[in-house]
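Colleague: Can you put the model up? I have a few things to ask about it.

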Amino acid sequence: MNQKFTLTLPYHPSYSIDKIKSKINEILSKIPIKNIILGCDANTTYAKDVIDYFHEHHIRVYLRLPILCGNTKDRIPMIDMEQKQTARACPSSLHNAHEIIHLYETSFANLPFDGVFLDELQSASFVSSYAQGFGCFCDSCEKQMYSLDLPYIKDLIQRHDKNLLRGEYDKYGRYHFADYQVNMFYKRKAQIISDLIFKLSAYFNSRKLIVGVNVLAPVMAYHASQNINEIGKLVDFVQPMMFTKGCNGMSKEYDAYLQYFEEGHHFSKHALEGLLSEKSMRRQLDYLSNINANVIPSIEIQTEDDHDQISVDEVLEQLHMFHSYATLALCGDLMKIDDAILTLISNALLVS
Ligand SMILES: [Zn+2]
């Protein structure tokens, strides 16, 4: 098997170029690395040396850029359903798009990145709160919903109405809501996110940079305003988070979604044997295979949740599930990959 891997190197003040080189050599002796997603800030002193080192090994390096959350102090905030400011940024604000470009130009444009990896580009989910789960209600976002009956939508939200759940997935994993107004509401929300990706992608492509986007697993992506099939047409690759565990796992998002509705069966019927059952996961794989884009599934090798760590057997299961993909992203800090996992992946490559 010729499967190659994308790894992530977040910024950490204790990392040095020597430590990184030594770890990379250890990893390269076992598995082929195709891409690195590099987290850095304006003060990351090792960035240039690290990028040069990866290039010597024919590895592409992408700058991770968090867009709607993270350090958003210079961005216009998202306003939730209750008209409260949130820590997230508004997705329709032109100022916010310009601010991201300004950040790139002032801090990173002189570094030899091959591309950018746009992260945190979904609207808030119910993991944040019920009020945030329906996205931004600032004047700019509401203007984009001019053709909708917004008072009707807001009334449904306030009543936790089942019409906010009823619907069916299509073959791309996009959810079609049975209620016309709710469907149009989600369509506009997804369009706002796609428009932002279009703007950013056009800019970064003009700088001769490859553009990738991190997206949720198909089962939850559209509910957080990501129309993966549409996004795939705007960028060079999409990286769906097929996480089964930890804080970003599909179940966390799914459970958070359902907890606010008494009539959750309108939604949970789509995963009757459990969201992570073989049947459900196979359906997710079908959605991904229908998406008209370069898809790099992302699986976890570590989680940020100490109580919900992924086991070596679970990693093996995931490797089997995604064996047909030419590139697979292994999510977690590459500096912390343990030897057992590396050996396991190396052996899986040898036998297949
Ligand atoms: Zn807004």
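Colleague: Is Gly115 buried or exposed?

Modeller: This is a predicted model, to start with. Gly115 counts as buried, because it has 22 C-beta neighbours inside 10 Å and the cut-off for buried is 20 or more.

Colleague: Which strand does Gly115 lie in?

Modeller: Strand β6, which covers residues 115-119.

Colleague: And what does Gly115 touch, leaving out residues up to four places away in sequence?

Modeller: Arg60 and Tyr62, and then Leu209, Ile210, Val211 and Gly212.

Colleague: On to the core. How many residues are in the largest nonpolar one?

Modeller: The largest nonpolar core has 91 residues. Leu38, Val116, Leu118 and Ile197 are the ones with the most contacts inside it.

Colleague: Which helix gives the most to this core?

Modeller: Helix α6, residues 180-206, with ten residues.

Colleague: Take Leu118. What does Leu118 touch?

Modeller: Not counting residues up to four places away in sequence, Leu118 touches Leu65, Ile67, Ile197, Leu200, Val211, Val213 and Asn214. Ile197 is also among the residues with the most contacts inside the core.

Colleague: Back to α6. How do the axes of α5 and α6 cross?

Modeller: At roughly 100 degrees, and the axes come within 10 Å. Helix α5 is residues 150-158. The angle makes α5 roughly perpendicular to α6, because angles of 65 to 115 degrees count that way.

Colleague: Which residues make the contact?

Modeller: From α5, Tyr152, Ile153 and Leu156; from α6, Gln181, Val182 and Phe185. The residues of this contact divide into five nonpolar, one polar and no charged.

Colleague: How many residues are between β4 and β5 in the hairpin?

Modeller: Five. Gln83 is in the turn and has a positive phi of about 65 degrees.

Colleague: What about Gln85, buried or exposed?

Modeller: Gln85 is found in strand β5. Gln85 counts as exposed, because it has 12 C-beta neighbours inside 10 Å and the cut-off for exposed is 12 or fewer.

Colleague: What does Gln85 touch?

Modeller: Pro77 and Ile79, again not counting residues up to four places away in sequence. The C-alpha atoms of Gln85 and Cys138 are separated by 9.2 Å, and these two are 53 residues apart along the chain.

Colleague: Back to positive phi. What is the phi of His58?

Modeller: Positive, at about 60 degrees, although His58 is not a glycine. His58 has its place in the loop between α2 (47-56) and β3 (60-66). With 9 C-beta neighbours inside 10 Å, His58 counts as exposed.

Colleague: And where does Lys208 lie?

Modeller: In the loop between α6 and β9 (210-216). Lys208 is not a glycine either, and has a positive phi of about 60 degrees.

Colleague: Why is Lys208 exposed?

Modeller: Because Lys208 has 8 other C-beta atoms within 10 Å, and exposed means 12 or fewer.

Terms used
Residues are numbered from 1 along each chain as its sequence is written. This is a predicted model: local features need pLDDT of at least 70, side-chain atom pairs count only at pLDDT 80 or more; totals for chains, interfaces and linings use all residues. A nonpolar core is a set of buried Ala, Val, Leu, Ile, Met, Phe, Trp, Tyr and Cys residues joined through C-beta atoms within 7 Å. Helices (H or I, at least four residues) and strands (E, at least two) are DSSP runs, numbered from the N terminus. Two residues are in contact if their C-beta atoms, placed from the backbone, lie within 7 Å. Axes are lines fitted to C-alpha atoms, for helices over the stretch in contact, and angles run from 0 to 180 degrees between N-to-C directions. Angles under 35 degrees count as roughly parallel, over 145 as roughly antiparallel, 65 to 115 as roughly perpendicular and the rest as oblique. Ala, Val, Leu, Ile, Met, Phe, Trp, Tyr, Cys and Pro count as nonpolar, Asp, Glu, Lys and Arg as charged, and the others, Gly among them, as polar. Two strands pair if DSSP finds at least two bridges between them.
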